[in-house]
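Please take a look at the sequence and the model, and then read on.

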Amino acid sequence: MIAKFRCSSHGLAIETGIHCQNVIPKKERICLYCTKFQNNYVTECDFHFLMQCPAYNDLRNKYLSTFFTEISSKLYISTYMILKSRNETCIKAVGLFLQYAFIVRRNIIALVYYIFTCTTITKPL
């Protein structure tokens, strides 16, 4: 899981938007959770997924909180350091975070799809 994330082979919108037949502009590769449930249009990139998205706050607090101490302008460096860590405990924690966060993400996508299809169904004439 960590290797896929490091290689950007993770399926986040920032990457999948590049590989479409009609490339999706970067500003439109949005996080579904933040868009639908937080009313906040933000790009779903590695940094957002790992460090910012509120959908994963509980997992982030459980697995990653010991590896960064403050939210500041140095946070991006902390993200890089977490992903490149050789500390066995850190590697296991990041792996568990990614494993469970991608399960949550799949559930969010399914829920948004369900909501969208239920609200767009029209009554037969």
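This is a predicted model: local features need pLDDT of at least 70, side-chain atom pairs count only at pLDDT 80 or more; totals for chains, interfaces and linings use all residues.

**The overall picture**

- The protein chain has 7 helices and 0 strands, where helices (H or I, at least four residues) and strands (E, at least two) are DSSP runs numbered from the N terminus.
- Reading along the sequence gives the pattern α-α-α-α-α-α-α.
- Of the 125 residues in the protein chain, 34% are buried; buried means under 20% relative accessible area, exposed means over 50%, and partly exposed lies in between (1.4 Å probe, protein chains only).
- Among contacts in the protein chain with a separation of 6 or more, 57% come from residues 24 or more positions apart; a contact means heavy atoms within 4.5 Å.

**The nonpolar patch**

- Phe37, Leu111, Tyr114 and Ile115 make up this surface patch, and together they have about 380 Å² of accessible area.
- Patches are made of residues with over 30% relative accessible area and no salt bridge, joining like charges within 9 Å and nonpolar side chains (Val, Leu, Ile, Met, Phe, Trp, Tyr) within 5 Å.
- Isoleucine 115 sits in helix H7 and is partly exposed, with a relative accessible area of 38%.
- Phenylalanine 37 also counts as partly exposed, at 37% relative accessibility.

**Salt bridges**

- Side chains of opposite charge can pair when their charged atoms come close.
- There are 2 salt bridges in the structure, each defined as a side-chain nitrogen of Lys or Arg within 4 Å of a carboxyl oxygen of Asp or Glu.
- One of them joins arginine 105 to glutamate 44, with 2.7 Å between the closest N and O atoms.
- Arginine 105 lies in helix H7 and glutamate 44 in the loop between helix H3 (32-37) and helix H4 (46-52), so this pair ties together parts that are 61 residues apart in sequence.
- Both arginine 105 and glutamate 44 are buried.
- Lysine 92 and glutamate 88 also meet in a salt bridge, at 3.2 Å from N to O.
- Lysine 92 and glutamate 88 are both in helix H7, 4 residues apart, or about one turn of the helix.
- Lysine 92 is exposed, with a relative accessible area of 51%, and glutamate 88 is exposed too, at 55%.

**Aromatic pairs**

- The structure holds 5 aromatic pairs.
- One of these is the tilted pair of tyrosine 33 and phenylalanine 37, at 5.5 Å centre to centre with 40° between the planes.
- Rings of Phe, Tyr and Trp (its six-membered ring) pair if their centres lie within 6.5 Å, with planes under 30 degrees apart counted as stacked, over 60 as edge-to-face and the rest as tilted.
- Tyrosine 33 and phenylalanine 37 both belong to helix H3, 4 residues apart, about one turn of the helix.
- Phenylalanine 49 and phenylalanine 97 form an edge-to-face pair, 6.3 Å centre to centre and with 65° between the planes.
- Phenylalanine 49 is in helix H4 and phenylalanine 97 in helix H7, so the pair ties together parts that are 48 residues apart in sequence.
- Phenylalanine 49 and phenylalanine 97 are both buried, and ring pairs link Phe49, Tyr56, Phe97 and Phe102 into a cluster.

**Cysteines and histidine 48**

- The structure has 0 disulfides, a disulfide being a pair of cysteine sulfur atoms within 2.5 Å.
- The sulfur of cysteine 31 has its closest cysteine sulfur in cysteine 53, 3.7 Å away, which is too far for a bond.
- Cysteine 31 is buried, with a relative accessible area of 2%.
- Histidine 48 lies in helix H4 and is buried, at 4% relative accessibility.
- Leaving aside neighbours within four places in sequence, histidine 48 is in contact with Cys31, Cys34, Val42, Thr43, Cys53 and Arg60.

Key. Residues are numbered from 1 along each chain as its sequence is written. Side-chain values use heavy atoms; hydrogens and water are left out. Accessible areas come from the Shrake-Rupley method with a 1.4 Å probe; for residues, only the protein chains shown count as cover.
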